Amino acid sequence: MSIRLEARPQPSRTMIWLSPILAIGLTCCVAMVIFAVAGLNPLSALATFIFTPVTDLYGLGELLIKAAPLVLIAIGLSIGFRAGVWNVGGEGQLIVGVIFGGWLALTYGPGGGPWVLPAMVVGGAIGGALWAAIPALLRTRFNANEILTSLMLNYVAQLWLGYLIFGPWRDPAGFNFPQSEPLAPAALFPTLIEGTRANASILLALVAVGLGWALMSRSFVGFQLKITGLSEGAARYAGFSPSKAVWIGMLAGGLAAGIAGVGEIAGPLGQIFPTASPGYGYAAIIVAFLGRLNPIGILFSGLLMSLLYLSGDVAQMSLGLPSSITGLFQGTLLFFLLTADVLIHYRLRSSTIAAAVVAGSAK
Amino acid sequence: MSQFLPILLATLIAGTPLVYAALGELITERAGVLNMGVEGMMVTGAVVAFAVALTTGNLWLGVLAAMVAAGILSLLFSVLAITFRANQVAVGLAMTIFGTSLGSYLGKPFVGMALVLDPSQAAGGFAQLPLVGLIFSAIHPLVWLSWILFAAVWYFLSRTRAGLALRAVGESPTSAHAIGYPVVRIRYLATLFGGAMAGVAGAYMSTVYASLWTEGLIAGRGWIAVALVVFATWRPERCFAGAYLFGGATMAQLFAQSAGIGVPSELMSALPYLATIVVLVLISRDAALMRLSVPASLGKPFDPQG
């Protein structure tokens, strides 16, 4: 008996929303297997893993801080993904946002007024967008694959930040640690919830959700982007150029990632480190897919992925597992989602039954 | 000449992992499958090879284990991308995130350990032979095995029936299916081969190139390998030459540093990535060349009923 895929006449609406839930459930099963292999009680380890991070107000604050950059970047990326533009350079764009925003903070922060922080946000957005403009230009002008170029630029951005922090930006009073001086108060987001580290940068993510929704569901440009993603030929015929989609998609992602970078240094970090991002640029790709490229969906999947990050820390501290388990579960989740997504367009049929049906109908 | 030889040797050493990974990906792509998970497979391969070589003291067991581990990952990739017809780019990205994390998860206990292998052990019985033994000890067996791999891939693609079938599957799976070629099986085998070679590339990095495991050891070499296939316009001989070109770019930084060139080391380290971008642009700008070279069904799922 072998499994066969049979095309559904119409994509299943139920499966579109059911498949992420299915994927989450299956990932939990895999998690329990890994816990069991590591010699832990699978059920209680899973419970520790999921619930411990968010049992108090402080934990909820942490959940919001980590979800904010993920949601922000994923909203930006999803605009490109909808149009079939594969921007996987979110990590590099975030880092260049850190560099631009960080330069403003280090230069004008100490003596600056309330304008410093908004300037940093704008600067970060410009930095991220410029970094994203490189693959966009290379794609539209020279036909170079944007996946590979945007990925290569992640490494370049990381080296650039490393150069600054190990060189000109290194804190002279930092005991030779690779880090910048602490940012001045004018360069920091105010705390939003007392008793937590949750700061005002979270509001930027909420604004992004609103703007993303308006752009994709309520604007003509959003409609054109969706058409481009469905059929480039149809879009071209309707007078919408694929290069325009590349530009809009890439710049949206870069802008959002750059702002997320500023949110990190002007928020929970308060300082610039060479490792300014724990892989948010990559995780946001999963957040975008898990959220069905839909702003509201992304809000929820961002919170889920943020929980995974916190759980990774819990796993390290109270379960004795490496924190890289977070990435392991992130990848697993995306695998299961992509598998479950098959059920949106296809029905699974075992061929022996199908053969029996065919034989039966032939009688 | 005395300065030229070390540069040549260093280029060989740095180019070898790219030869393995890129030739493997080339075969995968010629069958019409775009595997963007090479980086993740290399990371996992590197960790597994290091762990096995360290515990057994045998390089070849490590390489074999890396092939198996990366092969399992590419089997997973194949089930999703070929059988379930999921978006190949998305599955590849998921594979990279998964493989990279799996590598750092499994590799945690091995960070900071050094691998010391008897150099003559890698060459086996050949080390005792005159002259041949000398060559075998100067150039690592994994290096010259990569030359044999290149010759085999070139011969397979251009001179054998099976190679023709593979190319047919990559160009037009529907026609290949109609003639009676097992499209799905050929794609599975091509992807498994590519994965196994990514495993060898990773094994080479951790056991020969660095003799240690650290996060960031692979540092995008898997992605450079994918870019190399485009650069080579899907032809093995260009892929082979390109690998050494990039090997040279990787090594240039070390020589520049030892020569005392006053450029930040980070800028030199960025060279291979920048070179990849420049080369991609130079090749891709010729749209006609790209159209002629790229396997026509690359990245498109095949539906036997459709």
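Biologist: Is Glu237(B) buried, exposed or partly exposed?

Modeller: This is a predicted model, and in it Glu237(B) is partly exposed, because its relative accessible area is 29%.

Biologist: Which residue does Glu237(B) meet in a salt bridge?

Modeller: That would be Arg235(B), with N to O at 3.1 Å. Arg235(B) is partly exposed as well, at a relative accessible area of 37%.

Biologist: How many salt bridges are there over all chains?

Modeller: A search of the whole structure gives five. One of them joins Arg197(A) to Glu62(A), where the closest N and O atoms are 2.8 Å apart. Arg197(A) sits in the loop between α6 and α7 of chain A, while Glu62(A) is in helix α3, so this pair links distant parts of the chain, 135 residues apart.

Biologist: And is Glu62(A) buried or exposed?

Modeller: Glu62(A) counts as buried, because its relative accessibility is 9%.

Biologist: What about Asp341(A), which residue does its side chain meet in a salt bridge?

Modeller: Arg292(A), at 2.7 Å from N to O. Asp341(A) belongs to helix α13 and Arg292(A) to the loop between α11 and α12, 49 residues apart. Both of these residues are buried.

Biologist: Let's do rings. How many aromatic pairs are there over all chains?

Modeller: The count is 17. Take Phe81(A) and Phe289(A): they are stacked, 5.3 Å centre to centre with 20° between the planes. Phe81(A) lies in helix α3 and Phe289(A) in helix α11 of chain A, so the pair ties together parts that are 208 residues apart in sequence. Both residues are buried.

Biologist: What kind of pair do Phe50(B) and Phe110(B) make?

Modeller: Their planes are at 85° and their centres 6.4 Å apart, so the pair is edge-to-face. Phe50(B) is in helix α2 of chain B, and Phe110(B) is in the loop between α4 and α5, so parts 60 residues apart in sequence are tied together. Phe50(B) counts as buried at 0% relative accessibility, and Phe110(B) does too at 16%.

Biologist: Which residues form an aromatic cluster?

Modeller: Phe35(A), Phe49(A) and Phe329(A) form one.

Biologist: Last one: where is Ser293(B), and what does its side chain reach?

Modeller: Ser293(B) is in helix α14 of chain B, and its side chain reaches the backbone oxygen of Leu289(B) at 2.6 Å. Leaving aside neighbours within four places in sequence, Ser293(B) is in contact with Thr233(B) and Trp234(B). It counts as buried, at 16% relative accessibility.

Methods: Residues numbered from 1 in each chain as written. Chains lettered and ligands numbered in written order. Predicted model: local features only at pLDDT ≥ 70, side-chain atom pairs only at ≥ 80, totals over all residues. Heavy atoms only, no water. Helix = DSSP H or I, 4+ residues; strand = E, 2+ residues; numbered from the N terminus. Buried < 20%, exposed > 50% of the residue type's maximum accessible area, 1.4 Å probe, protein only. Polar contact = N/O pair within 3.5 Å; in protein donor to acceptor, adjacent residues only side chain to side chain. Contact = heavy atoms within 4.5 Å. Phe/Tyr/Trp six-rings, centres within 6.5 Å; stacked < 30°, edge-to-face > 60°. Salt bridge = Lys/Arg side-chain N within 4 Å of Asp/Glu carboxyl O.
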